[in-house]
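Subject: Structure for your review

Dear colleague,

Please find below the sequence and structure that I am handing over to you. The findings follow directly after.

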Amino acid sequence: MKFWSQFFIPTLKESPADAEIASHKLLVRAGLVRKLSGGLYTYLPLGLIVMRKLTQLCREEIDRAGGIELAMPHLHPAENWRDGPRWAAAREIMFRADSAGEGQRAGREPEFVLGPTHEEIITPLVKTEITSYRDLPKNFYQIGTKFRNEIRPRYGLMRAREFVMMDAYSFDVNDERAVASYFAMKGAYEAFFRRVGVQAIAVEADTGVMGGSFSHEFMVPAEIGDDDVIYNEASGYAANREKAASALVPADWADAAPAGAVEEFATPGVVTIAALEAAPYAVPADRQFKTLVYIGDGKPFVVILRGSDELETAKLGSLGFTVTRPATPEEIEPVLGAKPGSLGAVKGTFKNEAALAGIFADHAIRLIGNGTTGANRDGFHLRNVNVTRDLAVTRFGDFRRVRAGEPDVKSGQPLQVRRGIEVGHIFKLGTKYSEKFGAVFTDDQKQSHPMVMGCYGIGISRTLQAVIEQSHDADGIVWPWNAAPFHVHICLLDPQDAAAAEMARQLGAAAERGGADVLIDDRVERPGVKFKDADLLGLPLRITIGGRGLKEGIIEVKWRTAKEAVKVPLTEAEAHITAAVTEAASNAGR
């Protein structure tokens with residue numbers, strides 16, 4: 001057990017000025033962390049205890065799923081990343097670590113970088129150490145510090161430049177085994193978050209720069225989350241906004257017949273969807289074709305949406321090339337023949353269609369049937385444009401952002417949207433990295449094959465704050481049992497009373513016998529201060545011992561989640577406390 005007077009818990013009455021959300025305020029006020037600089041935090045003793053508990057829970061579940069722990073360097077040769085498949089995409093978020101500042105010279109590539117993740121390190125390692133199918137499968141993991149150059153760090157540990165993560169990497173002989181490894185890790189994640197005491201929803205997710213065939217994010221529902229979760233409780237469908245799909249266009253949808261010949265009409269100064277909606281044109285947004293131009297692998301390509309829809313940029317990854325940015329007006333005009341605002345994709349209207357990498361249309365434009373689009377001539381639009389007859393579409397796909405109320409792909413019932421905090425991500429990578437680094441194995445027929453990989457990450461430090469964001473009230477933190485820095489908080493109201501101090505030690509020992517970690521507040525402070533701090537810290541069980549209570553032959557026991565304290569006779573106190581903490585630990589799944 002720990003005594004507050006001999007420990008270090010610097011609580012604050014006021015929230016720091018730069019803390020925008022409840023969990024960030026409580027992290028600082030309850031004395032768990034202190035800010036060094038933007039995105040950089042020192043873990044104070046209470047925060048470090050929680051981090052160690054979360055780390056151990058994570059370690060136990062990953063071990064149970066077959067993980068093998070190792071530790072890789074934080075400092076990486078930049079050559080490893082340049083040799084890998086994502087240097088161009090990842091270098092912007094990486095800190096460089098050049099010796100004596102030599103690498104900072106303009107135009108010079110870095111010699112070393114600080115690791116944001118370790119695919120480029122583990123894959124060459126496995127290549128040199130594993131060569132036979134007899135040595136597979138393997139799943140290596142580590143728990144350590146990562147570094148990412150967040151342009152705008154915020155929300156405390158939620159978006160930090162230095163953070164603690166569990167990252168794991170599985171290697172299998174074929175796709176079927178890789179899928180088994182993937183779902184074993186998915187089960188380990190579910191067990192970890194359940195034991196931590198936080199609600200985390202597994203949602204379908206975009207693979208992003210990591211690549212691979214599919215992935216899941218683990219999201220903690222919270223209003224301040226930086227991602228939208230699209231879901232339907234009845235069907236169990238859940239996806240992040242970058243991956244979410246809906247049944248807005250039924251599978252049996254029949255395309256509309258042409259409504260008449262295409263007509264050009266003048267629209268001077270009309271360069272937005274809203275302007276075309278207004279008088280005198282009065283074309284509803286959902287009857288307009290929106291034409292966007294992006295650059296991918298160095299070439300422009302076109303995306304067509306309904307005017308009422310928004311592009312979900314991450315979905316462009318399904319096109320099979322690297323999308324870098326929107327095209328500039330200077331890049332668009334020589335190809336389409338007009339500036340943005342008058343663009344379209346009607347056959348025969350392009351200035352240089354051969355320069356395009358393709359014309360990709362969202363499925364939802366089929367709901368328009370016949371609509372209005374730019375004429376590829378500044379100040380002019382076309383009406384009666386039929387999807388099937390008139391548009392030069394290379395391929396249809398899902399490129400739009402799903403909205404609340406659209407039909408669920410599984411049940412047809414309305415989808416809901418809520419914010420969430422990403423605390424974990426798993427990817428089925430396939431052979432993207434093993435092929436690039438030559439990580440192959442020999443089968444029983446002496447044939448060589450690339451290993452099939454998966455990768456997995458849990459944000460340990462982010463999970464700490466996510467627990468607080470999900471479990472707090474107006475008075476402070478409400479810790480789940482397994483995540484709490486201490487389980488039992490003994491408020492000793494008369495620390496100089498020898499009998500009261502001895503009773504605190506006895507009850508602390510009784511709680512420890514039940515498996516609890518105990519904090520005794522033995523400060524010489526007013527009871528009101530101690531109770532305020534107890535609510536702020538939010539430890540699960542509070543025991544109050546005072547001289548008056550001892551004279552009456554009682555102590556008070558209060559769970560953090562309860563409204564009222566319970567008076568327990570001194571003769572029953574030890575047994576009561578031991579039983580209470582034993583039951584709580586059992587219910588928490590220790």
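Domain bounds, as used here, come from an automatic or database domain assignment. For the protein chain, that assignment gives three entries: domain 1 (20–241 + 417–468), domain 2 (263–397) and domain 3 (486–588). Please bear in mind that this is a predicted model. Taken over C-alpha atoms, the centres of domain 2 and domain 3 are separated by 68 Å.

Helix packing

Two packed helices are described by the angle between their axes and the distance between the axes.

Helix α2 (residues 45–64) and helix α6 (residues 175–196) have axes that come within 9 Å and cross at roughly 150 degrees. Angles over 145 degrees count as roughly antiparallel, and α2 is therefore roughly antiparallel to α6. The crossing of these two helices, α2 and α6, is right-handed. On the α2 side, the residues that meet α6 are L54, L57, C58, E60, E61, I62 and R64. Their counterparts in α6 are M185, A188, Y189, A191, F192, R195 and V196. Divided by class, the contact of α2 with α6 has ten nonpolar and four charged residues, and no polar ones.

Helix α2 also packs with helix α11 (residues 460–470), at an angle of about 110 degrees and with the axes 10 Å apart. Since 65 to 115 degrees is the range for roughly perpendicular, α2 and α11 are therefore described as roughly perpendicular to each other. Their crossing is right-handed. The contact is made by G47, V50, M51, L54, T55 and C58 of α2, together with I460, S461, T463 and L464 of α11. By class, the contact of α2 with α11 has six nonpolar residues, four polar residues and no charged residues.

The crossing of α12 and α15 is right-handed. From α12, the contact is made by M503, Q506, L507, A510, A511 and R513. From α15, it is made by L570, A573, E574, I577, T578 and V581. The residues of the contact of α12 with α15 divide into eight nonpolar, two polar and two charged.

Aromatic pairs

The structure holds twelve aromatic pairs. One of them is formed by F301 and F321, which are edge-to-face, with 5.1 Å centre to centre and 65 degrees between the planes. F301 lies in strand β15 (residues 299–306) and F321 in the loop between β15 and β16 (323–326), so this pair ties together parts that are 20 residues apart in sequence.

Backbone features

Most residues other than glycine have a negative phi, and most peptide bonds are trans.

L136 and P137 are joined by a cis peptide bond, with omega about 10 degrees. P137 is found in the loop between α5 (119–129) and β7 (138–147). The peptide bond from A279 to P280 is also cis, with omega near 10 degrees. P280 has its place in the loop between α7 (273–277) and β14 (289–296).

Y155 is not a glycine, yet it has a positive phi of about 60 degrees. This residue, Y155, lies in the loop between β7 and β8 (162–172).

With kind regards

Notes: Residues numbered from 1 in each chain as written. Predicted model: local features only at pLDDT ≥ 70, side-chain atom pairs only at ≥ 80, totals over all residues. Heavy atoms only, no water. Axes fitted to C-alpha atoms, helices over the stretch in contact; angles between N-to-C directions. Helix = DSSP H or I, 4+ residues; strand = E, 2+ residues; numbered from the N terminus. Parallel < 35°, antiparallel > 145°, perpendicular 65-115°, else oblique. Left-handed = near helix turned anticlockwise from the far one by under 90°. Contact = heavy atoms within 4.5 Å. Nonpolar A, V, L, I, M, F, W, Y, C, P; charged D, E, K, R; others polar. Phe/Tyr/Trp six-rings, centres within 6.5 Å; stacked < 30°, edge-to-face > 60°.
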